[in-house]
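Here is a friendly walk through one protein model, starting with its aromatic residues and moving on to its sheet. Have the structure open as you read.

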Amino acid sequence: MKDTRSRSEAVLARVDEHYAGKPAGKPAGRLDARLTDRLRDAFQAAGCDVERLSLDEIAGVDQLHLGGRAASRRLSRLAQLPPGSRVLDIGCGTGGASRLLAAEGDCQVVGIDVTAEFIDVARWLSRATGLSSRTRFICADAAELPLPSASVDAVWCQHALLNMPTPDAVIGEWCRVLAGQGKLLLHEVVSGDNPSPLVLPVPWASRREHSQLESLTQLERRLESAGFECLTLEDVTADALAWRGKHARHEQPPQAETTQGTPAKTEGSRHKLPGAAAIFGESFVDMGRNLLDNLQHDRVRVVQGVWQRG
């Protein structure tokens with residue numbers, strides 16, 4: 001048990017290192033500036049007030065998963081959560097889905113992520129968008145949630161299981177914190193039928209040990225064994241592929257353009273709003289290109305669904 005825990009902690013440490021990557025043009029190693037500071041500088045350069053930001057302005061760094069806000073909205077519609085629902089956002093990243101659920105679904109959301117830099121960004125962005133009263137963010141391991149039993153109505157997870165070395169322990173924690181017949185809302189990358197190795201790097205992994213991809217069949221079996229009943233399940237690979245292809249056409253190498261996103265609305269500004277390149281740095285263009293290749297060649301697929309605890 002101790003060896004398993006040590007291996008899990010080592011994997012999570014490497015995942016944390018991957019997501020706390022260097023900005024474009026910087027060598028590997030310790031960060032020269034914290035992610036929050038880098039993003040604040042990038043938003044200021046785009047002509048934004050970093051203490052008063054809109055959800056539209058932060059969209060490029062808000063939700064680091066295939067499909068962006070549209071994918072989160074689609075999952076939210078499937079979930080049909082009533083206003084006031086208590087939601088746990090697993091692997092919340094910079095907190096975009098948490099804020100979307102708070103702003104558009106009137107939910108109270110707790111976001112959990114193992115990467116402390118993401119939690120710092122999530123807290124700042126919620127303050128800057130006026131959503132700090134409905135969102136709370138905690139740096140923690142999803143396999144050891146710092147939450148009381150039966151304390152949430154729904155668990156939300158987008159592109160997070162693919163980094164978790166102990167999925168059964170994580171799913172067990174979901175069962176513990178869900179109240180009554182609570183819902184599980186998943187939007188996940190799973191392995192496809194093509195057995196060839198992933199082309200790396202991709203947004204969730206720069207080395208093979210970062211990626212914990214399973215097939216959809218394996219995932220379904222885990223959830224069924226834990227007592228979850230599937231209410232609806234969709235393969236949304238085609239949508240993810242179209243979205244990634246569209247964004248790839250607008251992405252430039254960091255040497256030419258260090259951010260990606262929608263042009264800032266500030267009059268006279270020539271800068272674009274920060275996007276994923278501002279987080280992942282110089283390797284982001286390769287990550288996006290490789291992800292598109294993996295989708296096209298069925299090394300990975302994307303699914304979303306709603307399960308209910310029995």
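Trp 124 is buried, with a relative accessible area of 1%. This is a predicted model, and in it 2 aromatic pairs are counted. Trp 124 pairs with Phe 43: the ring centres are 6.1 Å apart and the planes stand at 75°, so the pair is edge-to-face. Phe 43 belongs to helix α2 (residues 35-45) and Trp 124 to helix α6 (residues 116-128), so you will find the partners 81 residues apart, linking distant parts of the chain. Phe 43 is buried as well, at a relative accessible area of 0%.

Phe 280 and Phe 284 also pair, and since their planes are at 15°, under the 30 degrees cut-off, they count as stacked. Phe 280 is buried at 8% relative accessibility, and Phe 284 is buried at 6%.

| Pair | Centre distance | Plane angle | Type |
|---|---|---|---|
| Phe 43 and Trp 124 | 6.1 Å | 75° | edge-to-face |
| Phe 280 and Phe 284 | 6.2 Å | 15° | stacked |

Now to the sheet. It is open and mixed, with 7 strands in the order β3-β2-β1-β4-β5-β7-β6. At its edges lie β3 (135-139) and β6 (228-235), each pairing on one side only. Neighbouring strands are turned by 15° against each other on average, direction ignored.

Within the sheet, β4 (residues 152-158) and β5 (residues 178-191) run parallel and pair over 6 bridges. Look here for Trp 156, which stands opposite Leu 185 in β5.

Which strands does helix α4 touch? Helix α4 (residues 68-79) packs on the sheet against β4, β5, β6 and β7 (300-309), and its direction makes about 30° with that of β7. Helix α7 (residues 167-177) packs on the sheet too, touching β1 (86-90), β4, β5, β6 and β7, with its direction at about 150° to that of β5.

How values were computed. Residues numbered from 1 in each chain as written. Predicted model: local features only at pLDDT ≥ 70, side-chain atom pairs only at ≥ 80, totals over all residues. Heavy atoms only, no water. Pairing = 2+ DSSP bridges. Helix = DSSP H or I, 4+ residues; strand = E, 2+ residues; numbered from the N terminus. Axes fitted to C-alpha atoms, helices over the stretch in contact; angles between N-to-C directions. Contact = heavy atoms within 4.5 Å. Phe/Tyr/Trp six-rings, centres within 6.5 Å; stacked < 30°, edge-to-face > 60°. Buried < 20%, exposed > 50% of the residue type's maximum accessible area, 1.4 Å probe, protein only.
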